[in-house]
Amino acid sequence: AWATEGRHGAPLEAIVIAVIVVANAAIGTWQEDRAIKAVAALRRLAGTQSTVVRDGRSQTIASVDLVPGDLLALAQGDAVGADCRLTTASSLHIAEASLTGESTPVVKGTTMVDTAAPLADRTNMAFSGTAVVRGRGEGVVVATGMGTEIGRIAALIEEQEESATPLQQQVSWLGRQLGIAVVMLSAVVVGAVVLTAESRTFDNLIDALLVGVSLAVAAVPEGLPAILSVVLALGVQRMAGEQAVVKRLSSVETLGSASVICTDKTGTLTRNEMTFVRIVTAAGTVEVTGVGYEPVGHAAVDCKPVDSGPLFDDVMTAVTAGSLANDASLEQETPGHWTVHGDPTEAAFLVTEEKLGDGRRRRAGLERVAEIPFTSERRRMSTVHRGTADDGTIEYVLSAKGAPDVILERCTHEHRDGHVVPLDAGRRVELEQEAERLAADALRTIAVGYRRLPGPPDLDAPLAD
């Protein structure tokens, strides 16, 4: 039977094994190719943007399009798109944990540093892959792509050999054990056949060896790789149904071996977007509808829209004051698609301003002439703006936003029904209790204050509020 099938008939077993091997390779290649294309698409969607000054004007471009010599503008909330040497810095703090492991933000300046200084001591440089946590600045791009410090780290990582996953280690162990067992078993069988043979001729020895080889081939589970590929591919499909992209088939099994996952919540488990949902003023409280950065929504009381009256005026005053003490920007790239640059909380002011309608008109003509960025010590941001009053005189307005307790501590009056009235002790307690109620509802609270200055501030002295 063996002679008929092996020498004269079709090699069915060889064909089946070849089909299984080809199918196994095809399934794995197809699945991983899909994952790689999906990851590439996600990278294009999640690509960072940078603000540069080219041809004398500011413009926003993809960070991958930065080139050495570009003047890169940095503001709070920005991701640094390339290595740059700072030319200006105003209270600029950059988180460099991804490069140096330093957990606290690094204060940046323009003072020259020795070129041989360690990476963590190069305070006049902003590096790609880091993030601006507060302040603003500008710098000249000196390195991009793999030429950056983070690019050098990526090159070192690529030189490292990839470690096997738990499944790959187990399959490798199983293969070694099966190989040893099969060789030993085949040797015993061949030896037994040769020793028990009536005559020990060369042909009998060849027959015994063929029996041993046949036994070894039969003992190898040639369908195991195909089964593993199919099972892993099914796991990838299930993960895709849960909106998760798996680049490598073996990663599915690796996830099953994980016991602890450490992740940053903001922007990883959430969308890293802030939205106003409730605004409390002296005239009352309004709910703000709509989520995300698309300015679709309105102010409402008991589900009824509010677009005029004393309450609406108080709400717009608060939103406008918060939008003045603000470094974020809101832009409409295409119809229905809005993007922001800067801190998500500051962007929420601009989005709410667009929802309510006339915030930009109120801010039109006001020029910022002084500022103190937000710091963990002050817990507030303050700006001074110059504008023209109704009677044609020049006026100055101080706006501040920050922690409710800090802002409330510095307030002596409140805006009520279009008028500024004294803030007494009883009303102060009511506002403190209202802030506690908002926090109890799992809302992030922020307070806004403003005042009209009697004259221009001393721009050469630090701004005090």
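1. Helix α13 is followed by A442, whose phi is positive, near 65°. The model is predicted, so local features need pLDDT of at least 70 and side-chain atom pairs count only at pLDDT 80 or more, while totals for chains, interfaces and linings use all residues. Residues are numbered from 1 along each chain as its sequence is written, and side-chain values use heavy atoms, with hydrogens and water left out.

2. Helices (H or I, at least four residues) and strands (E, at least two) are DSSP runs, numbered from the N terminus. Helix α13 comprises 16 residues, 425–440, and should span 22 Å at 1.5 Å a residue; the expected span is 1.5 Å times one less than the number of residues. The end C-alpha atoms of α13 are 23 Å apart, which agrees.

3. Which residues of α13 are buried? They are R427, E434, A435 and L438. They cover an arc of only 100° around the axis, which puts them on the same side of α13; the arc is that of the directions from the helix axis to the C-beta atoms. Buried means under 20% relative accessible area, exposed over 50%, and partly exposed in between (1.4 Å probe, protein chains only). An α-helix has 3.6 residues a turn, so residues three or four places apart point the same way.

4. The face of α13 turned away from the buried side carries the exposed residues A425, E436 and A440. The cover over the buried residues of α13 includes β8 (278–281), α12 (404–409) and β17 (413–416). At the start of α13, a side-chain oxygen of D424 comes to within 3.3 Å of the backbone nitrogen of G426.

5. The structure holds one aromatic pair. F276 and F349 form this pair, edge-to-face, with 4.8 Å centre to centre and 70° between the planes. Rings of Phe, Tyr and Trp (its six-membered ring) pair if their centres lie within 6.5 Å; planes under 30 degrees apart count as stacked, over 60 as edge-to-face and the rest as tilted. F276 counts as buried at 14% relative accessibility, and F349 is buried with a relative accessible area of 1%.

6. D70 lies in the loop between β2 (57–62) and β3 (71–75). D70 is buried, with a relative accessible area of 7%. The side chain of D70 makes a polar contact with the side chain of R54 at 2.6 Å. A polar contact is a pair of N or O atoms within 3.5 Å; within protein, one must be able to donate a hydrogen and the other to accept it, and residues adjacent in sequence count only if both atoms are side-chain atoms.

Methods
Contact = heavy atoms within 4.5 Å.
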